[in-house]
Amino acid sequence: FLMERKTHVKINRKEVILAKLRKSCTCTPQKLKNFVMDFFPVLRWLPKYQCKEYIWGDVMSGLVIGIILVPQAIAYSLLAGLKPIYSLYTSFFANIIYFLMGTSRHVSVGIFSLISLMVGQVVDRELLLAGFDLNDDVPPALGDGSLQNDSLSNTTAFNLTVAGINAKCGKECYAIGIATALTFVAGVYQVLMGIFRLGFVSMYLSEPVLDGFATGASLTILTAQVKYLIGIKIPRSQGHGMFVITWINIFRNISQANLCDVITSAICIVVLVTAKELGDRYKHKLKFPLPTELVVIVVATLVSHYGKLNEVYASSVSGAIPTGFIPPKVPEFNLMLRVAVDALPLAIVSFVFTVSLSEMFAKKYAYTIRANQEMFAVGFCNIIPSFFHSFATSAALAKTLVKTSTGCQTQISGVISAMVVLLVLLFLAPLFYSLQKCVLACIIIVSLRGALRKFRDVPARYHVNKVDTLVWVVTMSASALVSTEIGLLVGIVFSMLCIIVRTQRPRTALLGQIQDTSFYEDDLEYENLSTVPKVKIFRFEAPLYYANRNYFLKSLYRLTNLDPNLETAIRKKYEKKEKQHLKKGNHRTANGLGIGETTLQLVPKEIDFQALVVDCSSISFLDTTGVNTLKEILKDYKNLNISVLLACCNPSVVDSLKRGGYFGRDFGCMQEMLFYSIHNAVLFAKDQK
């Protein structure tokens with residue numbers, strides 16, 4: 001029987017689009033109000049803020065995150081190749097803007113190690129192209145801390161005009177110019193993605209790709225910090241193969257290690273790792289995490305200052321960190337053109353991490369976020385701060401986990417964190433002058449524990465899914481050994497190729513009947529299945545399209561042990577030879593047999609089935625090649641008096657077959673060719689003569 005399909009009303013797409021445009025272009029007071037409140041979600045939830053219930057948790061989590069942010073911001077400046085003050089600016093502005101525009105109550109948006117690394121790689125490349133010496137390690141200036149005077153903190157000022165930058169701009173000025181231009185363009189990309197609703201791009205970054213990318217980038221981050229750990233001066237490698245080149249340079253110069261930095265690094269790593277492990281073990285008993293990084297930085301700064309480690313042992317220190325804010329400046333347009341390509345992966349990675357974390361915690365705490373608004377929020381967290389000498393930001397998992405564990409309820413906690421950073425910016429920043437760079441490197445390396453622990457999960461990941469493990473390994477290797485941007489691209493392309501390959505060579509099977517039932521399953525996977533006499537049931541577990549057409553036919557011919565084209569050709573060949581011999585009047589055939597014997601000889605090999613049932617339940621769609629393939633086997637098997645029956649086709653497959661003329665012009669034979677279950681097709685085949 002055939003079920004009657006519903007008649008769908010044809011939609012006039014032109015009218016729908018025009019109606020939407022008219023609706024979008026009309027402006028009413030209510031619509032304007034809704035637009036503003038949607039664009040600034042804080043206007044919706046802040047008036048409903050339950051002060052007595054939420055304020056303590058928000059203040060507590062804000063203070064803790066602020067205390068963690070300060071040392072991390074100073075440390076991550078090493079990754080970005082910029083002065084610590086710019087990291088503090090970034091942390092301050094990102095928290096304020098996300099408070100106004102974000103829809104997640106819990107994520108912590110600010111400086112992030114992976115994003116800092118991507119920014120730093122672009123900054124270093126452009127500095128090299130501009131002729132600056134990346135390895136310049138002259139002691140920092142002791143003047144008024146002004147960021148405008150680079151003559152003392154660099155070997156020479158930049159005396160040429162590059163990309164429109166003023167000739168008097170020095171190394172530090174040029175570096176932050178590159179970073180702000182990169183950040184601005186990345187933010188513009190994110191806003192444009194939000195306008196055109198391109199959030200679906202994140203779907204192509206699967207979990208194995210993101211994990212592999214983060215782990216590979218973590219290896220790169222670790223490698224870049226080793227020289228600070230042991231206090232050696234080696235060239236800052238750039239471009240592809242940075243991981244290998246840096247390690248070669250490290251081992252070549254290992255004899256120049258600074259003993260003071262080595263001892264300091266060893267002590268700091270032991271203290272930080274021990275505190276982290278104890279914090280993880282007893283986190284259910286602690287009301288808030290131990291501020292280990294801040295304690296280590298304070299103690300290390302005091303020891304370095306009073307022990308004069310920089311003067312006596314030549315230990316590299318952070319240098320002068322000025323207070324206050326630098327006047328805002330528009331990012332250079334000419335520099336934007338230079339970094340436009342680099343900004344694209346930065347924008348995608350920043351958005352994906354922010355949205356994935358937002359969705360994860362929204363699901364955990366039973367509320368909803370708007371992914372498109374999140375894209376706007378993180379975009380403006382990049383655009384606006386770029387005018388205030390800040391660089392790219394993203395949500396960070398570690399700080400978000402700390403926020404939730406310390407009682408965070410809303411983004412009020414982000415404002416509290418920003419106030420802590422502001423306190424450091426206005427008053428406390430100069431106190432970190434004597435802080436050793438090796439201490440900052442220790443903080444960065446210990447913060448990578450989570451990503452590096454992914455190596456322990458490889459056996460379990462392999463047990464769950466071998467293909468996903470291969471995607472993880474390829475992405476991680478490319479990100480570490482080539483470059484982070486190339487690694488991300490390789491991971492995306494390789495994961496998509498894996499999907500394509502799996503559809504090109506899917507599982508195929510002949511089905512047998514489960515005894516005393518109307519159900520059928522794979523004969524090779526299950527015991528005690530009975531074969532159906534004179535009927536072959538073939539299952540193809542993928543869409544049928546141009547890329548797997550040949551595999552479909554080969555699998556069908558192999559499993560049924562019959563190639564209809566070959567069998568038809570053999571029959572025609574023998575018939576032709578027999579006719580030729582009969583015309584010549586030769587009573588013996590080409591095989592040397594008599595006519596009576598020839599009759600037996602020309603009988604084709606016995607075919608053990610008279611009907612082929614194709615289980616289409618796993619075929620999600622057909623393209624033109626797929627339809628033509630089914631028409632081809634229908635014709636070829638018909639020449640051998642074998643009927644082809646289709647079972648379990650979904651509506652889109654049926655529509656494709658109709659449009660392709662599979663059922664004939666008037667669909668008169670459709671009832672004898674299409675069945676809603678395998679069992680119906682089998683019963684029909686048994687009734688055929």
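Buried or exposed: which is Glu 126, and what is its relative accessible area?

A: Glu 126 is buried, with a relative accessible area of 2%. Buried means under 20%, exposed over 50% and partly exposed in between, using a 1.4 Å probe and protein chains only.

A word on the basis. This is a predicted model, with pLDDT of at least 70 needed for local features and 80 or more for side-chain atom pairs, while totals for chains, interfaces and linings use all residues. Numbering starts from 1 along each chain as its sequence is written, and side-chain values use heavy atoms, without hydrogens or water.

Glu 126 forms a salt bridge with Arg 125, with the closest N and O atoms 2.8 Å apart. A salt bridge here is a side-chain nitrogen of Lys or Arg within 4 Å of a carboxyl oxygen of Asp or Glu. Arg 125 is partly exposed, at 26%. Glu 126 also forms a salt bridge with Arg 338, at 2.7 Å between the closest N and O atoms. That pair links distant parts of the chain: Glu 126 is in helix 6 (residues 113-129), Arg 338 in helix 13 (residues 333-364), 212 residues apart. Helices are DSSP runs (H or I) of at least four residues, numbered from the N terminus. Arg 338 is partly exposed, at 33%.

Elsewhere, Asp 211 and Lys 454 meet in a salt bridge, 3.9 Å from N to O. Asp 211 lies in helix 8 and Lys 454 in the loop between helix 18 and helix 19 (458-464), so this pair ties together parts 243 residues apart in sequence. Asp 211 is buried at 13%; Lys 454 is partly exposed at 25%. Back at Glu 126, salt bridges that share partners join Arg 125, Glu 126, Arg 338 and Asp 342 into one network. The whole structure has 17 salt bridges.

Helix 8 leads on to helix 17. The buried residues of helix 17 pack against helix 8 (207-230), and also against helices 4, 10, 11 and 18. Helix 17 (residues 437-447) is mostly covered, with 10 of its 11 residues buried. Among these are Lys 437, Cys 438 and Cys 442.

Ser 434 lies in the loop between helix 16 (412-428) and helix 17. Ser 434 is buried too, at 11%. Beyond its neighbours within four places in sequence, Ser 434 is in contact (heavy atoms within 4.5 Å) with Thr 301, Ser 304, His 305 and Val 317.

Now the rings. The whole structure has 24 aromatic pairs. Rings of Phe, Tyr and Trp (its six-membered ring) pair if their centres lie within 6.5 Å; planes under 30 degrees apart are stacked, over 60 edge-to-face, the rest tilted. Phe 39 and Phe 376 have ring centres 5.8 Å apart and planes at 55°, so the pair is tilted. Phe 39 lies in helix 2 (residues 29-39) and Phe 376 in helix 14 (residues 371-386), so the pair ties together parts 337 residues apart in sequence. Phe 39 is buried at 19%, and Phe 376 is buried at 14%. Trp 45 and Phe 99 also have ring centres 5.8 Å apart, but their planes are at 85°, so this pair is edge-to-face.

Note on methods:
Helices (H or I, at least four residues) and strands (E, at least two) are DSSP runs, numbered from the N terminus.
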